[in-house]
Amino acid sequence: MLKIVRTTLVAMLCSLPLTALADLAAIPSGKYTLDKTHGYITFSYSHLGFSTPQVGFNEFDVTLNLDTQNPEKSTLEVLIDAASIDSRVEEFDEHLNGEEFFNTAKFPEITFQSTAITKTGESTFDIAGNLTIMGQTHPATFAATINKAAKNPMKKVDALGVSAETKILRSQWGLGRYAPAVGDEVTIQVTVEMFHQE
C-alpha cells in the first residue's frame, strides 16, 4: 500500500508543469538582491587528473534589475570579496590569496556586469557580460536557469531562484600558474535566491 502511495505521489509531482514554477509573471519587476543565507558561488578544475576541487567564495552580492515582461532588458551585477575564497584548507586559502594567484591584497574584488541577456528556452537564458578578475576584464557567458519565481512562503516576499554555469580558461585572467598540469579550464557555478526590494 505504501509503495502504491509513493508511486502515485511521484507521478503527480512529475506531471506538474515545471515551467509554472519559473513563470516570471508570478513576481513583479524591480530590484532583486541576494538572500545571503541561500547563495553559493563555486569553481572547480582538474587537479593533476586526480580530483576536481570545489572552491567557493563566502562573501558576495548579487543585484538584479528585473524586467518580467522583457527579461532581455534586465541587468545583473555580481560583486565578490576575493579574499573570502574558501577551499576548506587554510594553507591553500593563504596560497590562493597570495601573489601567485588572486593577489587579493592588490585586487580585492571580482566583478561580473551583464551586457546582454538572451532567452534560450522556457526558463533558460544566456547571460553575457564582463568578468573582471585581478584587474583584467574579459567576456564570459553564463547559461542560466530560473528555478522558481514566486512568493517566498517563509519570508513573505517575492523571490527568485537562479542557477548558472560557465566555463573559462583561468590563464586568460592571469591565473595560469601550473597549467596545464592543474587544469586551465575552470567551471564556475552559481546558485542564488534573491528577494524583491519594495
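Phe195 is found in strand S10, which covers residues 185-196, of a model that is predicted. With a relative accessible area of 14%, Phe195 counts as buried, because the cut-off for that class is under 20%. Leaving aside neighbours within four places in sequence, Phe195 is in contact with Lys31, Tyr32, Thr33 and Asp35, and also with Asn152, Lys155, Val157, Asp158 and Ala159.

His38 belongs to strand S1, residues 30-44, and, when neighbours up to four places away in sequence are set aside, its contacts are Thr191, Val192 and Glu193. Between His38 and Val192 there are 6.0 Å in space, C-alpha to C-alpha, although they are 154 residues apart in sequence. His38 has a relative accessible area of 35% and is therefore classed as partly exposed, since this value falls between the limits of 20% and 50%.

Thr104, by contrast, lies in a loop, the one between helix H3 (90-97) and strand S6 (109-119). Apart from residues up to four places away in sequence, Thr104 touches Ala82, Ala83 and Asn97.

| Residue | Relative accessible area | Class |
|---|---|---|
| Phe195 | 14% | buried |
| His38 | 35% | partly exposed |
| Thr104 | 11% | buried |

The largest pocket has a volume of about 820 Å³. It is lined by 48 residues, of which Ile41, Thr42, Phe142, Ile188 and Val190 are the closest to its centre. By residue type, the lining of the largest pocket comprises 39 nonpolar, seven polar and two charged residues.

The largest nonpolar core contains 47 residues, and those touching the most other members are Phe43, Phe102, Leu131 and Leu160. In soluble globular proteins, nonpolar side chains tend to be buried together. Not counting residues up to four places away in sequence, Phe43 touches Pro53, Gln54, Val55, Phe57, Ile85, Phe102, Val186, Thr187 and Ile188. Among these, Phe102 is itself one of the core members that touch the most others, while Ile188 is also among the residues closest to the centre of the largest pocket.

As to confidence, the protein averages a pLDDT of 91, and 89% of the residues score at least 70. Over residues 2-20, however, the pLDDT is below 50, and this stretch has one contact in the model beyond near neighbours in sequence.

Methods
Residues numbered from 1 in each chain as written. Predicted model: local features only at pLDDT ≥ 70, side-chain atom pairs only at ≥ 80, totals over all residues. Heavy atoms only, no water. 1 Å grid on protein atoms, 1.4 Å probe; cavity = no way out; pocket = protein on both sides within 12 Å on 5 of 7 lines; lining within 4 Å. Points joined across faces, edges and corners; volume = space filled by probe spheres on them. Nonpolar A, V, L, I, M, F, W, Y, C, P; charged D, E, K, R; others polar. Core = buried A, V, L, I, M, F, W, Y, C linked by side-chain atoms within 4.5 Å. Buried < 20%, exposed > 50% of the residue type's maximum accessible area, 1.4 Å probe, protein only. Contact = heavy atoms within 4.5 Å. pLDDT = per-residue confidence, 0-100. Helix = DSSP H or I, 4+ residues; strand = E, 2+ residues; numbered from the N terminus.
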